[in-house]
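Take a first walk through this structure with the sequence at hand.

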Amino acid sequence: TGNKKQQLGGLDEDLFGQVMKTNVYGPLKLSEIFTENVAASQQKKIVGITSGLGSLTLMGKMSRFYYYQMSKAALNMVLKSAAVEYRRRLPRVKLLAFHPGTTDTALSRPFQRGVAPHSLFTPAFVARRLAQLLEHMRGSNGFPALSAQMVQVQQVASSETDNLNRL
């Protein structure tokens with residue numbers, strides 16, 4: 001139902017507001033609330049979970065999810081803009097736009113038919129990969145991160161397909 005409410009002919013303003021509030025305003029407000037905590041922490045990192053569908057260069061021919069795609073593009077802009085501000089105000093705090101790839105969850109199951117097995121990741125694999133990226137994230141913000149992160153995750157996953165199947 002949400003899908004049809006994100007397509008021409010069935011656009012739903014309330015759903016649009018919910019998606020934008022969840023995927024854009026929520027992460028922005030959380031980063032504001034926790035700025036001092038992050039600045040005082042050892043890690044000094046903020047991560048936004050984005051999607052390839054929010055990238056103008058990565059999105060394919062999918063046009064069924066206008067609100068979701070728009071919200072993830074807006075999240076990418078929020079992270080990019082916030083990185084500039086953090087660089088000025090709190091240069092040791094780093095931001096990362098992380099696109100986990102297609103993750104095997106209840107949310108993605110209806111859309112997995114066209115996903116190659118080596119491109120479908122378990123939540124455990126995605127969590128490990130994010131932890132590895134955060135561990136090695138030094139010096140600069142994770143921008144331009146979206147395409148590099150997605151390609152990097154897929155390349156690692158392709159070589160670890162057997163390990164993924166064991167999870």
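What percentage of the 167 residues of the chain count as buried? The value is 35%. Buried means under 20% relative accessible area, exposed means over 50%, and partly exposed lies in between, with a 1.4 Å probe and protein chains only. This is a predicted model, in which local features need pLDDT of at least 70 and side-chain atom pairs count only at pLDDT 80 or more, while totals for chains, interfaces and linings use all residues. Residues are numbered from 1 along each chain as its sequence is written, and side-chain values use heavy atoms, with hydrogens and water left out.

The chain has 6 helices and 4 strands. These are DSSP runs, numbered from the N terminus: helices are H or I with at least four residues, strands are E with at least two. Along the sequence the pattern reads α-α-β-α-β-β-β-α-α-α. Take the contacts in the chain with a separation of 6 or more: 70% of them come from residues 24 or more positions apart. Contact means heavy atoms within 4.5 Å.

Start with strand E2, residues 94-98. Here 5 of the 5 residues are buried, so the strand is largely enclosed by the rest of the structure. In a regular strand the side chains alternate between the two faces of the sheet. In E2, Lys94, Leu96 and Phe98 point one way. Leu95 and Ala97 point the other way.

Strand E1, residues 45-49, runs parallel to E2, and 5 bridges join them. Two strands pair if DSSP finds at least two bridges between them. Val47 has Leu96 as its bridge partner in E2. Ile46 stands opposite Leu95.

What is Ile46 in contact with, leaving aside its neighbours within four places in sequence? The list is Ser31, Val38, Tyr86, Val93, Lys94, Leu95 and Leu96. The C-alpha atoms of Ile46 and Phe34 are separated by 9.4 Å, and the two are 12 residues apart along the chain.

Now step back to Lys44, in the loop between helix H2 (35-40) and E1. Most residues other than glycine have a negative phi, and most peptide bonds are trans. Lys44 is not a glycine, yet its phi is positive, at about 55 degrees. Lys44 counts as buried because its relative accessibility is 12%.

Next comes a helix pair. The axes of H1 (residues 13-33) and H3 (residues 66-89) come within 10 Å and cross at roughly 20 degrees. That makes H1 roughly parallel to H3. Angles under 35 degrees count as roughly parallel, over 145 as roughly antiparallel, 65 to 115 as roughly perpendicular and the rest as oblique. The axes are lines fitted to C-alpha atoms, for helices over the stretch in contact, and angles run from 0 to 180 degrees between N-to-C directions. Residues making this contact include Leu15, Phe16 and Val19 of H1 and Tyr67, Met70 and Leu75 of H3.

End at Gln69, which lies in helix H3. Gln69 counts as buried because its relative accessibility is 7%. Gln69 and Leu53 are 16 residues apart in sequence, and their C-alpha atoms are 5.3 Å apart in space.
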